[in-house]
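Thanks for making the time.

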Amino acid sequence: MNRSRIWISFGMAALSASLLTGCGHASAPPDRWTVYNKWLYSVVTAPGGTVNLQVNITNPHNEERLSLRGATLESNALQPVAPVHVQASQTPEFYQYALLWTVHAAGAYQADPVRLHVNLANGEQSFDLGKAYTRVAQRPVSWLEARIVPGGESGDISHTVHSFDVQFVNTSGLPIRLLGLETAGGFRFSKTGYELNQADFSGGYPKDARPLTDGGVLIPPSSICNVYAEFYPPSGYWNQLIQVAAVLEKRGVRGEEIVGPALYTVNYFQDGRPPAGYPALNVTH
């Protein structure tokens, strides 16, 4: 089960909801095609594992299609396994192009630049999407069943504390120790806690959660362990794609269980205008 709060971050639903609640057709220029950048990509994968990366280009005032001829992603850390897939959608509130890639982590990288190249009728334009922090797990395992995984959050720029929560169930028949959640870099969890055998998992950091210390927590067979974590987005990053490793130990052997990905996005339109910090395509012919 995939869970997220505020709005669902995946696909078009979040953007549509934010546009509908952000109010109508104000005075933004009709050729203002906004590129959603300011991304932090922090991704731990298993060998050969992939994640989906999405870049949105929107205009809430233009009824004409963009002369989009193609797009490429440039990154050492996150390398596409196939060409871009473009999804176009139109509602009374906006027109959007979603550029979709499936990428794999090429190894261990810290603050590797990720760039977008867009091919339009009037030439190619390039944008800095953000930075990538990646690593490949040395010993990936599937010891726990993640029944509820983080989906992410979406809203406006004032929402500065994000939750990353997961519900594990130990179906292995052996006790497993959870030692922590390890990121690929670029950010850190400000606090991490847990509850054992707590059926209620509504999300957010509960006041009764116990801190997850260096010694971890032992999860007996057939037990449920709810894990709660919070983080503050690093300065300059409005959007985050997060996938982490749960560090586990079973019978003295350590392994890493991949958890995620979760998307955290700023896509709220105030009076019909996207946040001013996002760049725009030059569509002048």
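Predicted model: local features only at pLDDT ≥ 70, side-chain atom pairs only at ≥ 80, totals over all residues.

How many salt bridges does a search of the whole structure find? The count is seven. As background, side chains of opposite charge can pair when their charged atoms come close.

I start with R115 and D128. Their side chains form a salt bridge, with an N to O distance of 2.3 Å. R115 sits in strand β9, residues 109-120, and D128 sits in strand β10, residues 123-136, so this pair ties together parts that are 13 residues apart in sequence. On accessibility, R115 comes out at 26% relative, which counts as partly exposed.

Next, K191 and E230. Here the closest N and O atoms of the salt bridge are 4.0 Å apart. K191 belongs to strand β14, residues 189-196, while E230 belongs to strand β17, residues 224-231; the two are 39 residues apart, and the pair links distant parts of the chain. Are the two partners buried or exposed? K191 has 37% relative accessibility and is partly exposed. E230 has a relative accessible area of 15%, and the cut-off for buried is under 20%, so E230 counts as buried.

E249 is partly exposed, at 26% relative accessible area.

Last, a group of three. Which residues are linked in a network of salt bridges? They are R135, E182 and E256.

That is the end of my part.

Key: Residues numbered from 1 in each chain as written. Heavy atoms only, no water. Helix = DSSP H or I, 4+ residues; strand = E, 2+ residues; numbered from the N terminus. Buried < 20%, exposed > 50% of the residue type's maximum accessible area, 1.4 Å probe, protein only.
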